[in-house]
Amino acid sequence: MKRIYLDNSATTAVDPQVLEAMWPYFSEAFGNASSVHTVGQKARAAVEAARAQVAELIGAQPGEIVFTSGGTESDNLAIKGVAEALSDRGRHIITSAIEHPAVLRTCQALAKRGFQVTVLPVSDRGLVRLTDLEAALREDTILVSIMMANNEIGTRQPIEDISQLIQAVRQARGTPHPYVHTDAVQAVGKVHVDVNALGVDLLSLSAHKIHGPKGVGALYVRSGILLAPQMHGGHHERDRRAGTENVPGIVGFGRAAELARTHLAERQTHMQQLRDRLEEGIARRIPDVVFNGDRERRVPHISNCSFRFIEGEALMIRLDLRGIAVSTGSACASGSVEPSHVLTALGRDRELARGSIRFSLSKDTTASDIDTVLEVLVEEVAALRALSPLAQPSETRV
């Protein structure tokens with residue numbers, strides 16, 4: 001049975017060219033990048049080359065890139081690092097209701113330590129309203145953390161507008177903060193990302209979302225931003241993140257970033273066309289479907305829809321048995337019996353929220369894959385609805 005993988009928001013397949021770039025740093029070039037001898041300095045050169053590649057992908061300077069173990073650590077370092085560095089100037093943080101758990105739970109942890117957190121609501125399409133953000137700003141606000149693209153519904157937030165608003169506040173107050181952080185894990189490599197155009201101070205990204213290896217990510221930290229390290233030890237990453245560098249992973253991240261930058265336009269067009277093909281087929285062939293998220297402001301690789309009268313978990317399992325991998329939301333919430341916090345924040349009722357499926361595509365997805373998924377999806381949705389009393393006319397429901 002051929003397997004079709006449409007869960008690329010959870011992780012992507014490592015590109016063969018990335019594997020090829022990594023392999024020497026597992027074998028002959030195995031040195032510690034902090035060692036001063038020749039073997040170590042070869043590893044150091046590879047890390048710095050990768051740093052430049054990652055920086056170029058997002059329009060940053062190499063010295064503004066801090067390598068981490070992934071997007072979750074990058075979010076933690078950004079939020080906790082700013083909170084601790086600026087705690088004497090303020091203890092108020094603003095985020096949104098649909099952030100990744102790496103942001104929301106980090107903010108919750110800080111709230112237990114005496115910080116105050118304002119969680120902004122979103123529209124029924126998943127967009128933060130600038131008026132809500134402006135109303136939430138306080139004299140002691142030190143950080144605004146709003147994701148660039150949502151990992152479940154794909155909605156893109158108006159980060160440029162948010163940054164402009166915060167910049168105006170800074171100028172009016174004569175202070176360098178609040179800082180702006182964005183979790184761009186689902187945006188980088190899918191759409192054009194330029195930290196200067198966005199106007200952000202910190203930005204999180206991860207290798208395994210762009211066909212790089214798992215276990216490595218990065219945090220962009222604009223020059224001059226105050227950040228307290230969260231890992232203590234040696235002087236790695238310019239004293240911003242202690243720990244021996246994952247040289248093969250970093251090299252793979254660099255190569256994946258280079259490939260993503262080089263092929264960005266074609267990959268974006270490819271994924272968007274196939275996503276539209278999928279959604280048009282679903283809308284035409286399956287009744288009682290609600291598409292979640294903004295239909296215009298979104299990344300090209302994610303489609304989230306709720307199928308009335310069925311459980312998304314049941315549909316996901318049946319699709320998996322037919323060789324199709326999808327998800328019911330974030331992989332980080334896998335196994336949760338509660339409906340998605342993202343869909344709940346959009347105002348979806350419990351039935352719709354629990355009936356959702358996320359399809360996420362990649363450069364490797366084909367038109368044939370999409371057509372096969374549509375055929376199987378039509379059959380499985382019909383089969384599940386035939387078993388559900390909820391799908392019967394209202395007068396016969398029990």
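Predicted model: local features only at pLDDT ≥ 70, side-chain atom pairs only at ≥ 80, totals over all residues.
Let us begin with Arg129, which forms a salt bridge with Asp132 (a side-chain nitrogen of Lys or Arg within 4 Å of a carboxyl oxygen of Asp or Glu); the closest N and O atoms of this pair are 2.9 Å apart. Arg129 counts as partly exposed because its relative accessibility is 36%. Asp132 is partly exposed as well, at 24%. In these terms, buried means under 20% relative accessible area, exposed means over 50%, and partly exposed lies in between, with a 1.4 Å probe and protein chains only.

Residues are numbered from 1 along each chain as its sequence is written, and side-chain values use heavy atoms, with hydrogens and water left out.

I turn to a second pair. Asp276 and Arg275 meet through their side chains in a salt bridge, at 3.0 Å from N to O. Asp276 is partly exposed, with a relative accessible area of 24%, whereas Arg275 is buried at 5%.

Which residue forms a salt bridge with Arg277? The partner is Asp371, and the closest N and O atoms are 2.9 Å apart. This pair links distant parts of the chain, since Arg277 belongs to helix α10 (residues 264-285) and Asp371 to helix α14 (residues 367-387), 94 residues apart. Arg277 is partly exposed at 36%, and Asp371 is partly exposed at 32%. The whole structure holds 29 salt bridges.

Glu237 is found in helix α8 (residues 236-239) and is buried, with a relative accessible area of 4%. Asp239 is likewise placed in helix α8, and has a positive phi of about 65° although it is not a glycine. Is Asp239 buried or partly exposed? At a relative accessible area of 45%, Asp239 is partly exposed.

Two loops follow. Glu152 lies in the loop between β5 (141-145) and α6 (159-173), and is buried at 4% relative accessible area. Pro178 lies in the loop between α6 and β6 (179-183). A cis peptide bond joins His177 to Pro178, with omega about 15°.

Finally, the chain as a whole. The protein chain contains 14 helices and 12 strands; helices (H or I, at least four residues) and strands (E, at least two) are DSSP runs, numbered from the N terminus. The C-alpha atoms fill a box of roughly 70 × 55 × 35 Å along the principal axes. The radius of gyration, taken over C-alpha atoms, is compared with a globule rule of 2.2 Å times the number of residues to the power 0.38. For 398 residues, a compact globule would have a value near 21 Å, and the 22 Å of the protein chain agrees. Buried residues make up 56% of the 398 residues. Among contacts (heavy atoms within 4.5 Å) with a separation of 6 or more, 73% are between residues 24 or more positions apart.
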